[in-house]
Amino acid sequence: MQIRPALTATSVLSVSAVAAVALLTAAPAYATEYSSALKVRGVQYDAPGRDDNRCSGGNTYKEYVTIKNYSRTATVNLKGYVVKDKTGNRFTFTKSHTLQPGDYVRLRGGKGTDSDAKNVVYRNNCNFMWNNDKDTIYLYKPSGAHADTHAYTKSGNDRDGNGYISFHN
């Protein structure tokens, strides 16, 4: 017959504390992305119509990512923020563009005139940024810290097949 020591309140608390620490440290590395007021609201990853990246007459301007300020109180200037895809295509906001709480901006492909009134910034690049089958969207703060990250697949995330996926509803 084997005698086992009885569990005491202290040993139960110690086991619980160890389990809690294990759960906290097991969180994925990208969990810090949600500490940012700015988040990716959605992406039109597949521009309507046949893909045509000509600067004149093409449709890259119909491809965009929407970035929203989810803060209730903080105003955020986009200057210095970076948007990247999985292969390293990137756009850096080099001009001041202020987002009030609840406000958003659409970062569009193609060439055009940036407008605070119309909530639009153009990449001034006529190449498509987002893959039509799958990709990952990274949003970085000016400090280089993650602000938000989303991976998507056409088959797994675009239920209605319209080329648009929403995040953070």
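This is a predicted model: local features need pLDDT of at least 70, side-chain atom pairs count only at pLDDT 80 or more; totals for chains, interfaces and linings use all residues.
Residues are numbered from 1 along each chain as its sequence is written, and side-chain values use heavy atoms, with hydrogens and water left out.

**Overall make-up**
- The protein holds 2 helices and 11 strands (DSSP runs numbered from the N terminus: helices are H or I with at least four residues, strands are E with at least two).
- Starting at the N terminus, the elements follow the order α-β-β-β-β-β-β-β-β-β-β-α-β.

**Burial and contacts**
- Of the 169 residues, 36% are buried (under 20% relative accessible area, 1.4 Å probe, protein chains only).
- Among contacts with a separation of 6 or more, 59% link residues 24 or more positions apart (a contact means heavy atoms within 4.5 Å).

**The four-stranded sheet**
- An open sheet of 4 strands runs in the order β5-β4-β9-β10, with antiparallel pairing (two strands pair if DSSP finds at least two bridges between them).
- β5 (90-92) and β10 (146-153) each have a single partner strand, so one side of each edge strand lacks a neighbour in the sheet.
- Neighbouring strands of this sheet are turned by 10° against each other on average, direction ignored.
- The antiparallel strands β4 (residues 82-85) and β9 (residues 134-140) are joined by 4 bridges.
- Lysine 84 sits opposite tyrosine 138 in β9.

How values were computed
Buried means under 20% relative accessible area, exposed over 50%, partly exposed in between (1.4 Å probe, protein chains only). Axes are lines fitted to C-alpha atoms, for helices over the stretch in contact, and angles run from 0 to 180 degrees between N-to-C directions.
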